[in-house]
Amino acid sequence: MSEHVDSVRTYTAVWLVLLLATGLTTAVAYVDLGAFSVVVALLIAVIKMLLVALFFMHVRHSTKLTKLVVVGGLLWLGILITFTLADIWTRGLIGTPGR
Amino acid sequence: MANHAHAETLALREQFDTAEQQKDASTLGMWVFLITEIMFFGGMFLLYTVYRDIYFPVFALASSSLNAVIGAINTAVLLCSSFTMVLAVRASQLGQRNALIIFLILTLILGFVFLGVKAYEWNEKFQEHHVPGPTFHLEGTGEQGEAQLFFSLYFAMTGLHALHMVIGCGIMTWLLVQAWKRKFTPEYMTPVDVGGLYWHFVDIIWIFLFPLLYLIDRHLGR
């Protein structure tokens, strides 16, 4: 098999960073960053997701096809969220006749 | 490449040319399934985002009533279980049966700890009358309907996540039995690998559930 076996050291480092990020996101939640609170929380969550996916789920060693499917899936999720919010957030911007 | 003819007849199905091709196909198949799961949970995350936008002050109040410390502890528990899971996969890659069994047991235990903490948390909600229904009451707002909407989403999302955890624990138990029966070799450990993908995926869902449900409105104060 052309398996990539990562070292325990690598996994331990990723695990510690994940725990650190959890502590950070919890602590920073009590700081008033205004609208940026959501941005920071999501940013940390995305970093954690990437660490889990790339290292623990071995995406970085996966075939190109698998990588394409993963990115494609996230793209569809992006379409779902973006288009729905584009609708919700822009309602009422233009006066609709008859409403 | 798997050169052992014996191992190949045991592990390689006839539609595949090589063990590597077979493994890549399994990994791809699992990812396609996980993508459907992402879209499934994605719809709920979207619903939560939209309702939080529409009923903002009440959703912020309800969100801040959750126990963030317990949520953080449970996040740590789940991350630890992902760590032991990845070590289990590594042990199976190296053909270390004892290490594989130990790490699978640790993952299973941490999974149960997560579910136990979850049960404690839900019980708290029942005692605080934060479960949607006739006796529901959230202090500090007159909009009880909107508050119930938050807790409906809270229970639906954490509940479905917990259901995935229960299924994950079932998969771990099955893997444990197979490992005990010496079914896995470095040439054939696909079930451990694919089971690991599922476990980590459930972890990722929680990585997003935790800040979105518990944290993002914390700074407004109660």
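This is a predicted model: local features need pLDDT of at least 70, side-chain atom pairs count only at pLDDT 80 or more; totals for chains, interfaces and linings use all residues.
Two residues are in contact here if their C-beta atoms, placed from the backbone, lie within 7 Å. Setting aside residues up to four places away in sequence, A88(B) touches L100(B), F103(B), L104(B), T107(B), V192(B) and G196(B).

As general background, nonpolar side chains in soluble globular proteins tend to be buried together.

The next step is to view chain B as a whole. Chain B has 7 helices and 0 strands, and its pattern along the sequence reads α-α-α-α-α-α-α. The C-alpha trace of chain B spans about 70 × 30 × 30 Å along its principal axes. Of the 222 residues in chain B, 41% count as buried. Consider now the contacts in chain B between residues at least 6 apart in sequence: 76% of them join residues at least 24 apart.

A single residue can illustrate how these elements meet. V86(B) lies in helix α4 of chain B. Is V86(B) buried or exposed? A residue counts as buried if 20 or more other C-beta atoms lie within 10 Å of its own; V86(B) has 26 other C-beta atoms within 10 Å and is therefore buried. V86(B) and F103(B) are 17 residues apart in sequence, while their C-alpha atoms are 8.7 Å apart in space.

The packing of helices within chain B may be examined next. Two packed helices are described by the angle between their axes and the distance between the axes. For helix α6 (residues 144–180) of chain B and α7(B), the axes come within 10 Å and cross at roughly 160 degrees. Angles over 145 degrees count as roughly antiparallel, so α6(B) is roughly antiparallel to α7(B). Their crossing is left-handed. On the side of α6(B), the contact includes Y154(B), M157(B), H161(B) and H164(B); on the side of α7(B), it includes P191(B), Y198(B), W199(B) and W206(B). By class, this contact between α6(B) and α7(B) has 14 nonpolar, 6 polar and no charged residues.

How do the two chains meet? In total, 42 residues of chain B are in contact with 41 residues of chain A. On the side of chain B that touches chain A, α2 (19–54), α4 (68–93) and α7 (190–215) each supply at least two residues. The largest share of this side, 15 residues, comes from α2(B). The residues of this side of chain B divide into 27 nonpolar, 8 polar and 7 charged.

One partner of α2(B) in chain A is helix α3 (residues 64–90), and the two helices pack at an angle of about 15 degrees with their axes 10 Å apart. Because angles under 35 degrees count as roughly parallel, α3(A) and α2(B) are roughly parallel to each other. α3(A) passes α2(B) in a right-handed crossing. Among the residues that make the contact are L65(A), V69(A), G73(A) and W76(A) of α3(A), together with W31(B), I35(B), G42(B) and D53(B) of α2(B). The residues of this contact between α3(A) and α2(B) divide into 17 nonpolar, 6 polar and 1 charged.

Most residues other than glycine have a negative phi. H58(A), although not a glycine, has a positive phi of about 60 degrees, and R182(B), also not a glycine, has a positive phi of about 60 degrees. H58(A) is found in the loop between α2 and α3 of chain A, whereas R182(B) is found in the loop between α6 and α7 of chain B. With 20 other C-beta atoms within 10 Å, H58(A) is buried. R182(B) counts as exposed, because it has 8 C-beta neighbours inside 10 Å.

Technical notes. Residues are numbered from 1 along each chain as its sequence is written. Chains are lettered from A and ligands numbered from 1 in the order in which they are written. Helices (H or I, at least four residues) and strands (E, at least two) are DSSP runs, numbered from the N terminus. Ala, Val, Leu, Ile, Met, Phe, Trp, Tyr, Cys and Pro count as nonpolar, Asp, Glu, Lys and Arg as charged, and the others, Gly among them, as polar. Axes are lines fitted to C-alpha atoms, for helices over the stretch in contact, and angles run from 0 to 180 degrees between N-to-C directions. Angles under 35 degrees count as roughly parallel, over 145 as roughly antiparallel, 65 to 115 as roughly perpendicular and the rest as oblique. A crossing is left-handed if the near helix is turned anticlockwise from the far one by less than a right angle, and right-handed if clockwise. A residue is buried if 20 or more other C-beta atoms lie within 10 Å of its own, exposed if 12 or fewer, and partly exposed in between; C-beta atoms are placed from the backbone.
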